[in-house]
Amino acid sequence: MESATQMLKRAVELDSNKKYSEAKVCYEEGLEMLLKILPALTEEALKNQIRIKVSAYMKRAEELKDFIAKNKSDGKFHERIEIKDNQRGCSYCNLFSKYIDANLTSVFINDAYIRSHHQILNLLRFCELLVKKAKNLKSIKVLTGQDENNCVEQREKLEELSASLKAYGVTMAVEFSSTIHDREIGFDNGWIIKIGRGLDYFKAPKGRISLGFCDMDLRECHETIIDVYNTN
């Protein structure tokens, strides 16, 4: 019960802050939790109280679903995600899964800083998410800056990632630019994601054997802003 309550409180908070897409997801997850609990309750008064809340939350979730769909169809959808300094729970999976579906076949990633080892690992994590969630993904195009101090090592690591993706039926093309500045990710299902810091918004882990080293939802983040648009 406590988990469902906290999830629905989070939904209301996001809703009031006009973060409608995130709010919709939290409403749906909280409702699913409540509906699983409901049959096990024995106190009829409590069950009726929960049914009333479920009805209200369902209505709001449907309203948000319709609102988001209308804005997408009108080409007006825009959502802003603000990550605070030291915030956790901001893995690529947590933030971006809802924009990845079976219609996604091609992705472009423009990010000037996919150069050092940890930045290439970030790209690897993002590619893993794409491969798991986008069942019809065929191609990824990366535009980044060249590491002038370790360009050979950078190329070798990106080529290794490209070879790994090929085993999953996905081709990755990498181009280098000395003038790239904007950081943007584009999905051919209509979503455009602009991240102030690009993919590199995670802080370094506290140590090699510490929480957050593997699970990025437990990793602290740098402050950044993410803007999401739908162009369809």
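Strand E2 (residues 106-110) and strand E5 (residues 184-187) pair in the antiparallel sense over four bridges, where strands are DSSP runs (E, at least two residues) numbered from the N terminus and two strands pair if DSSP finds at least two bridges between them. Within this pairing, Ile109 has Ile185 of E5 as its bridge partner. E5 is also joined, by three bridges and in antiparallel fashion, to strand E6 (residues 191-195), with Glu184 standing opposite Lys194 in E6. The hairpin of E5 and E6 has three residues between the strands, and Gly190 takes a positive phi near 110° there.

The model is predicted, so that local features need pLDDT of at least 70 and side-chain atom pairs count only at pLDDT 80 or more, whereas totals for chains, interfaces and linings use all residues. Residues are numbered from 1 along each chain as its sequence is written, and side-chain values use heavy atoms, with hydrogens and water left out.

An automatic or database assignment divides the protein into domain 1 (1-74) and domain 2 (80-230), whose C-alpha centres lie 31 Å apart. Five residues of domain 1 are in contact with seven residues of domain 2 (heavy atoms within 4.5 Å). The two domains bury about 490 Å² between them, 56% of it on carbon and sulfur atoms, buried area being the accessible area (1.4 Å probe) that two parts lose on being put together, summed over both. To the side of domain 1 that touches domain 2, helix H2 (residues 20-37) gives the most, with three residues (helices being DSSP runs of H or I, at least four residues).
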